[in-house]
Amino acid sequence: MKSNSNSSSRRSFIKKTAASSAFIATAGILPQFSAKSYARILGANDRINVSMMGVNSRGNALAQNFASQKNAEVIHVCDVDSRAILKCLDSVKGRQDRKPKTFTDFRKSLESKDVDAMVIAAPDHWHAPASLLAMEAGKHVYVEKPCSHNPHEGEILVQAAQKYGKVIQMGNQRRSWPNVVEGIKALQSGAIGKVYFGKGWYTNNRKSIGIGKEVEVPNWLDWDLWQGPAPRMKYKDNIVHYNWHWLWHWGTGEALNNGTHMIDLLRWGMQVDYPVKVSSNGGRYRYQDDWETPDTQVINLDFAEGLSMSWEGRSCNGKPIEGSSVGVMFYGENGSMLIPGGNSYSIFDLEGELIKEVKNTQEIDPRNNSNPAELLDALHIQNMFSAIHDGASLNADIDSGHKSTLLVQLGNIAQRTGRSLDIDSTNGHILKDSDAQKLWSRSYENGWEMKL
């Protein structure tokens, strides 16, 4: 834990970053932000009161970021892990004056009229159900990626946002990073000509999760509420807090854990929505343990617009691609564009010679699971606040978030069925494959069914 003086310094730095974004908007780098909108937000007397749901890792980092915003205050901290609550309280100390109230059950927080928005960073199986409950309670939502555990949940969230008229921003933060926005704009303006192929990737050196043993639930954990909408399973000693990612019952694998970000960049840059064909190859190769999802996976997507994209995930071999552990490359008729893990991009000609490079303005660690780019992510948070106050367009609204999440979900469904899928390009639905369609949704614990 950093000292209070360091925390205060960082808070001041983040506030200066938020203030400088008004200049960025005026300069035209982020056209979706108006100078008038930023002036109103940064000078507002009314702060947005935030409730944090799930604060063990990424949620703890988000709590620090929201607490550091001039126009927000974290008033509630919610987690089924009592240790995580205490750690989060300590983390926000020095970033805001107020000490948040704490709740084991986030639904108690939603009953409060003081809460304006809920930030959801619980495990994947909670993202959509918690978002729906928050909107039903009249709260705005910031939900980490992926926005849903399965496609059906994503569609419900899109419908719920329309029904309840609430702002819901997904945490694909690169949509608010200035140099990435500039690069995508250049791409769409023809910087490399017509784009016909895009490649995304993520690499890491994750260790084995071993074979879990059924043990007594720790006294610091509400295991029943941790499972929430998922049908009940016995507690094992290798699930909480991170390894649930690799179990289909709660997680969505590396494809949605990190692939969502890169597929979103590809879909955004190539200006497509739904594919016509999806395939996936890979498996759990490196270790013999409880890990179910692929540790090695290549998802391919073909679109009716006459272009394709792919995503490569290697969870247990961290050899970088194009010098970065995470990134995307666009290939066009006149050259290619690289957007690596940070706030930067490079353009190459057809011979691979560098012709333009826009470098990072902040060091970023893509393998940092909790807080890789705090200052840049503040721009994504401010975009949400602007939408709440002024009705500004969201950089990552739920419709866009669902479409990007769906593409990798379809990849996982193709992987699990062992065959390519034909897709309706008008809505992303699977065509003429009853086995694959069974994975469109999931079973729920009785009383937790997700429906409007």
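His-241 is placed in the loop between helix H9 (223–227) and helix H10 (253–257). Helices (H or I, at least four residues) and strands (E, at least two) are DSSP runs, numbered from the N terminus. A cis peptide bond joins Val-240 and His-241, with omega at about 15°.

This is a predicted model, in which local features need pLDDT of at least 70 and side-chain atom pairs count only at pLDDT 80 or more, while totals for chains, interfaces and linings use all residues. Residues are numbered from 1 along each chain as its sequence is written, and side-chain values use heavy atoms, with hydrogens and water left out.

The protein has 14 helices and 15 strands. Of its 452 residues, 60% count as buried. Buried means under 20% relative accessible area, exposed means over 50%, and partly exposed lies in between (1.4 Å probe, protein chains only). Contact means heavy atoms within 4.5 Å. Among contacts between residues at least 6 apart in sequence, 71% join residues at least 24 apart.

In soluble globular proteins, nonpolar side chains tend to be buried together. A nonpolar core is a set of buried Ala, Val, Leu, Ile, Met, Phe, Trp, Tyr and Cys residues joined through side-chain atoms within 4.5 Å. The largest such core here has 47 residues, and Met-309, Phe-330 and Ile-339 have the most contacts inside it. Apart from it lies another core, of 41 residues, including Ala-130, Val-141, Leu-157 and Tyr-444.

Helix packing comes next. Two packed helices are described by the angle between their axes and the distance between the axes. Axes are lines fitted to C-alpha atoms, for helices over the stretch in contact, and angles run from 0 to 180 degrees between N-to-C directions. Angles under 35 degrees count as roughly parallel, over 145 as roughly antiparallel, 65 to 115 as roughly perpendicular and the rest as oblique.

The axes of helix H7 (residues 151–164) and helix H13 (residues 398–417) come within 9 Å and cross at roughly 170°. H7 is therefore roughly antiparallel to H13. On the H7 side, Pro-151, Gly-154, Glu-155, Leu-157, Val-158 and Ala-161 meet Ile-398, Asp-399, His-402, Leu-406, Gln-409 and Ile-413 of H13. This contact of H7 with H13 has 7 nonpolar, 3 polar and 2 charged residues. In this division, Ala, Val, Leu, Ile, Met, Phe, Trp, Tyr, Cys and Pro count as nonpolar, Asp, Glu, Lys and Arg as charged, and the others, Gly among them, as polar.

H7 also packs with helix H6 (residues 124–136): their axes come within 10 Å and cross at roughly 10°, so H6 and H7 are roughly parallel to each other. Ala-128, Pro-129, Ser-131, Leu-132, Met-135 and Glu-136 in H6 meet Glu-153, Ile-156, Leu-157, Ala-160, Ala-161 and Tyr-164 in H7. The contact of H6 with H7 divides into 9 nonpolar, 1 polar and 2 charged residues. In the loop between strand E5 (140–143) and H7 lies Pro-146, and a cis peptide bond joins Lys-145 to Pro-146, with omega at about -10°.

A further pair is helix H3 (residues 58–67) and helix H4 (residues 82–92), whose axes come within 9 Å and cross at roughly 30°. These two helices, H3 and H4, are therefore roughly parallel to each other. Asn-60, Ala-63, Gln-64 and Ala-67 in H3 meet Lys-87, Cys-88, Ser-91 and Val-92 in H4. Of the residues in the contact of H3 with H4, 4 are nonpolar, 3 polar and 1 charged. Because 10 of the 10 residues of H3 are buried, H3 is largely enclosed by the rest of the structure.

Individual residues complete the picture. Gly-269 is found in helix H11 (residues 259–270) and counts as buried, at 5% relative accessibility. Gly-269 and Ile-184 are 85 residues apart in sequence, and their C-alpha atoms are 5.5 Å apart in space. Leaving aside neighbours within four places in sequence, Gly-269 is in contact with Ile-184, Leu-187, Gln-188 and Phe-330. Gln-271, in the loop between H11 and strand E8 (277–283), has a positive phi of about 55° although it is not a glycine. At 55% relative accessibility, Gln-271 counts as exposed.

Glu-322 has a positive phi of about 55° and is not a glycine. Its place is in the loop between strand E10 (307–314) and strand E11 (326–332), and Glu-322 is partly exposed, with a relative accessible area of 42%.
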